[in-house]
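Welcome, and thanks for taking a look with me. Please open the structure and keep it in view as you go through the points below.

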Amino acid sequence: MIPPEDTIAAIATPPGAGGIGIVRISGPSALSIALRLAQTQDGHPLRELPPRRVRRGLVCGSEDGQPIDQVLWLYLPLPGSYTGEDTVEIQAHGGPVSLGEILAAVLAAGARLAEPGEFTKRAFLNGRMDLTAAEAVAGLINATSQAARRIALHQLRGGLADRIANLRAALIHAKAELEAAIDFPEEEDVAPFDGAGLALSIQEISTDISALIAGAASRRPLVEGVRCVIAGRSNVGKSSLLNRLLGLERAIVHHLPGTTRDTIEDSLQLEGILVRIIDTAGLRSEAGEVELAGIERTRAEVAAADLVLLILDQSQPLTVEDRTILAGLDRQRTILVLNKSDLAASWNPAVLGLEWAAVPAAVVSAKYNIGMDGLSAVIRNAVVARAETAEPAALMINMRHLIALQRTLEAVNRCRGALLNALPPEIAASDMQVALSSLGEITGETTPDEVLDVIFSSFCIGK
Amino acid sequence: MAQRYDLIVVGAGHAGCEAAFAGARMGLRTLLLTLHLDHIAQMSCNPAIGGLGKSHLVADVDALGGQMGTVADATAIQFRVLNRKKGAAVQALRVQSDRAEYILAMRRALEQQDRLFICQDMAREVLADGRTVAGVRGQWGDEYLAPAVVLASGTFMNGLIHVGLLSFPAGRAGDFPATGISESLAALGLRLGRLKTGTPPRLDGRTIDFSRLERQDGDEDHPYFSWRSPRLRIEQVPCHVTYTNAQTHAVIRAGLDRSPLYGGQIKGVGPRYCPSIETKVLRFSDRDRHQVFLEPEGRRTVEYYANGISTSLPADVQQAMVHSIEGLEEAQIIRPAYAVEYDFIFPDQLRPTLECKEINGLFLSGQIIGTSGYEEAAALGLVAGINAALQIRGEPPLVLPRSESYIGVMIDDLVTKGVDEPYRMFTSRAEYRLLLRCDNALRRLSGYGKRIGLLSAQDAEQIDAKLGRVDDELARLSRLRISPSPAAQAQLAAMGQAPLTGAISALELLRRPGIAYCQALALAQEAPREFLPEDLLQIETEIRYEGYLKREAEMVARTQKLEQALIPDNFDYALVAGLSTESRQRLEQVRPRTLGQAGRIPGIPSAAVTLIMIALKRRANHG
């Protein structure tokens with residue numbers, strides 16, 4: 001018998017979607033999780049979601065019931081969904097912060113954060129996707145997973161990386177102490193099992209993790225990846241550039257129907273770093289109030305960005321609007337993209353002034369696909385440089401890491417509770433095992449051999 | 001004239017005996033070859049069976065229908081329960097055995113087994129017909145032919161004993177080494193390596209001053225390894241404990257110039273968990289003493305095993321070292337300590353059935369595949385014998401999952417990760433430790449034993465009845481109600497327990513720490529039933545730790561899909577798009593049997609497993 005799968009969730013927004021973001025929940029509990037979070041516009045719980053019909057409503061926190069956002073709910077029963085499982089999509093106003101909060105609520109209500117490519121994997125296993133498509137997606141995951149692990153540690157450079165490493169070492173030592181007491185009860189060198197004493201050192205570990213989580217969460221709540229904002233006035237070619245850029249990096253999957261909404265494809269992977277592209281296009285299409293709101297929003301996105309791609313049309317003279325945007329940018333975080341190189345240039349970059357001379361720039365024609373490799377390399381360098389120089393925790397303790405830390409903390413606290421309640425050591429060890437495997441999401445798996453290594457180097461075992 | 005059998009087992013140690021019993025009991029005409037008929041099932045090292053992880057293996061062997069548990073129970077001279085104050089999952093029985101009686105009992109059982117023939121000869125060569133085993137050639141040139149061979153030659157292959165700077169070929173002190181067979185295996189294409197192990201001196205008990213030593217008695221209230229064993233209470237024999245001291249350590253340091261271990265003569269890798277005394281003194285130089293357990297070798301001998309001072313130092317240093325220890329000032333060494341180096345076969349060349357991937361019908365088991373310990377050997381021998389028999393009967397193999405047995409954990413570790421020191425079982429190696437208990441071994445494994453025919457119909461009936469009594473009692477406990485009557489509250493208060501807030505079942509009450517089965521029944525005003533200790537332990541454990549057991553069971557369920565997804569033998573990893581060269585090479589070497597196993601190969605990322613899964617599906621779709 002094949003056991004039922006668990007229910008997964010992730011932000012599944014296609015890149016460049018501007019104001020709309022989607023959180024997708026897939027698996028047997030998708031509907032029940034959704035119903036725990038769904039409310040009508042006036043704040044009453046939604047009792048049901050009609051299949052295949054868009055329903056307007058609110059999404060709220062699973063604990064406090066406070067509304068997070070106005071959203072559209074869409075329930076797709078199996079097998080007629082992308083994954084072939086029961087699926088609920090929450091279409092929200094976008095903005096990574098609010099999407100992050102929605103996802104957090106979904107996870108708190110019982111879903112698990114999807115692995116990269118997991119929606120696609122399920123789609124494939126449920127016969128919803130052909131093999132070529134699935135292979136392409138899996139190949140991409142495989143190619144990036146190694147780099148991602150490397151970069152993940154890269155991201156955690158500085159104090160944070162050390163703290164995570166110390167945390168892992170402390171957990172392994174606590175586990176080793178438990179295991180030594182269990183497996184070597186007759187060794188003189190192994191102190192008899194002392195649950196209360198061990199609970200004290202585990203308390204310290206617990207405090208450390210809490211501090212880590214608090215620090216990370218206050219810096220940047222639930223935001224994943226390098227935020228890269230595409231800026232520029234209308235008609236400079238933002239959209240075609242964006243499509244070019246995404247097509248370039250995701251040539252394998254881009255043309256596959258249905259794959260563009262999966263979590264791995266919804267952003268760029270550069271050197272294994274997740275780059276979330278935030279397109280400010282479309283925000284200024286209307287006049288009046290909406291336009292003002294759009295400009296304000298663009299400004300906020302630019303301010304919160306890790307990188308800004310400023311697109312300028314080199315075939316037309318610089319406008320006042322171009323100058324205004326330029327003046328508002330932090331040059332340390334900006335890349336200049338001089339578009340429309342297929343047409344005659346009407347100005348020289350020197351006109352931007354000396355202060356822009358050192359800012360990385362690329363000359364391209366998005367329309368004719370000229371210079372895109374060069375642009376890609378410039379972005380890549382900037383992304384890596386950004387990852388390397390970022391303050392600890394400031395750049396990213398991404399959502400996956402944060403969830404891993406929270407699970408670790410829960411397990412560590414259960415372990416401590418087991419010890420304080422005088423439960424036997426193998427029960428506490430079982431909780432500690434869960435803690436280590438949760439932390440393993442960040443640091444890689446801890447094998448029994450690593451624990452044995454610590455035992456044999458710390459204790460004289462020899463009966 | 002060649003002799004023909006269905007199965008030939010080479011070596012009659014703990015692995016070989018189990019393999020031979022399994023083969024013969026499953027219907028094969030089985031030949032068991034031994035170098036020395038009087039040394040069958042010899043305990044080359046300490047005269048004890050069981051302990052943490054090891055008693056779990058014996059329970060597994062017993063539940064499948066193996067022999068070790070019954071013989072160990074019948075020849076024990078001391079029973080001890082380790083971790084008695086901890087939970088059921090990590091409680092372990094260890095017995096001190098009467099070494100000579102163990103040999104006799106095992107030989108008697110072998111001789112009474114139908115279809116089993118024993119012969120004293122040394123296998124010098126494995127015979128193969130292409131990539132298929134054909135039999136073995138004995139030392140006088142005789143050919144023994146069979147479609148399956150289980151090799152279980154222990155530490156004997158090119159065994160080399162070291163005592164100080166002297167070394168001589170031997171499988172064990174006093175026994176010939178097995179020569180020729182390593183070369184024949186290498187010629188068949190197998191990779192061999194070299195390991196080392198050691199053993200301490202044996203002392204004459206008449207020259208030990210026990211009066212000054214700490215005495216260690218057995219436990220009166222103890223379980224047995226086997227469900228079959230009669231629950232007799234025997235008169236137990238004590239062990240004693242003494243300690244090395246500063247003078248001992250000085251003697252050892254002074255003798256290091258003649259240590260083959262530190263002089264470079266010994267090339268094989270020894271186990272970290274069982275270091276020689278010289279290694280302990282050097283590596284843990286801050287410790288001013290080390291324990292020495294004096295274990296009796298039997299009821300009718302004065303020989304004592306000095307557990308804790310294994311060494312390869314020269315005989316005169318051994319003598320001085322022993323004499324420096326309290327209580328051993330006058331002790332006579334009956335047999336000197338020594339180290340032995342031997343050939344082993346890297347176990348990643350085996351399938352989880354213990355058959356060589358490259359040579360059909362050749363099964364390897366015991367210490368020759370890099371393990372250490374009698375219990376590990378017996379478990380491997382049993383599985384090798386079972387799978388040889390299943391193969392000859394044309395039935396699907398027996399591969400035990402990690403989630404169901406310590407045997408499954410051990411074999412999966414060996415064939416997936418290989419070894420870099422002799423492998424010994426520890427309970428920490430089992431990720432589902434709470435589920436793999438001695439008390440529920442029959443529940444976990446007797447179904448397999450029945451199916452393959454190692455447990456008879458009569459055995460099965462008895463086992464089912466035993467398991468049924470536990471199930472019935474669990475059901476009864478959930479039905480029995482305890483109401484918060486003044487009498488019940490008073491009884492609880494007297495036990496230091498919180499009062500009841502409402503009526504609860506006896507089962508719910510048993511979830512409270514500190515409430516025992518009899519107490520719960522007294523509160524329910526019902527009579528307790530009689531249970532064997534392991535069954536009572538099972539009842540209390542299933543109730544008390546239900547939440548934890550459930551969590552592990554859920555973890556098992558989550559991995560089932562991968563664990564059950566078989567990768568065909570002839571699967572071509574070169575056709576898997578996107579695999580890194582490194583991953584491909586590792587996969588081609590290990591040739592995992594399932595996707596789950598593939599994911600446990602060191603260095604294989606989970607994305608690679610997904611790629612293989614997709615390639616398998618493609619294969620299935622394209623026929």
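Is the crossing of α2(B) and α12(B) left-handed or right-handed? Point 1 takes this up.

1. A word first on what you are looking at: this is a predicted model. As for the question, α2(B) and α12(B) cross in a right-handed way. The helices concerned are α2, residues 54-64 of chain B, and α12, residues 441-452 of chain B, and they pack with their axes 7 Å apart at an angle of about 40°. Angles under 35 degrees count as roughly parallel, and 65 to 115 as roughly perpendicular, so α2(B) and α12(B) are oblique to each other.

2. Now for the residues in that packing. From α2(B) come B:Ala59, B:Asp60, B:Asp62, B:Ala63 and B:Leu64. They meet residues of α12(B), including B:Leu442, B:Leu445, B:Tyr448 and B:Gly449. By class, this contact of α2(B) with α12(B) holds 7 nonpolar, 2 polar and 3 charged residues.

3. Is B:His162 buried or exposed? A residue counts as buried if 20 or more other C-beta atoms lie within 10 Å of its own; B:His162 has 24, so B:His162 is buried. Leaving aside residues up to four places away in sequence, B:His162 touches B:Ser167, B:Pro260, B:Gln265, B:Ile266, B:Ser312, B:Tyr338 and B:Ala339. For a sense of scale, B:His162 and B:Gly385 are 33 Å apart in space, C-alpha to C-alpha, and 223 residues apart in sequence.

4. The assignment gives domain 1 (202-339), domain 2 (469-550) and domain 3 (565-621). Between the C-alpha centres of domain 1 and domain 2 of chain B there are 45 Å.

5. Where do the two chains come together? Their contact takes 36 residues from chain A and 43 from chain B. On the chain B side, the elements that give two or more residues are β18 (291-296), α18 (546-564) and α21 (606-621). Of these, α21(B) supplies the largest share, 7 residues. The side of chain B that touches chain A divides into 21 nonpolar, 12 polar and 10 charged residues.

6. Finally, a look at chain A, which has 14 helices and 13 strands. Of the 463 residues in chain A, 48% are buried. Among contacts in chain A with a separation of 6 or more, 73% are between residues 24 or more positions apart.

Conventions: Residues numbered from 1 in each chain as written. Chains lettered and ligands numbered in written order. Predicted model: local features only at pLDDT ≥ 70, side-chain atom pairs only at ≥ 80, totals over all residues. Axes fitted to C-alpha atoms, helices over the stretch in contact; angles between N-to-C directions. Helix = DSSP H or I, 4+ residues; strand = E, 2+ residues; numbered from the N terminus. Parallel < 35°, antiparallel > 145°, perpendicular 65-115°, else oblique. Left-handed = near helix turned anticlockwise from the far one by under 90°. Contact = placed C-beta atoms within 7 Å. Nonpolar A, V, L, I, M, F, W, Y, C, P; charged D, E, K, R; others polar. Buried ≥ 20, exposed ≤ 12 C-beta atoms within 10 Å, placed from the backbone. Domains from an automatic or database assignment.
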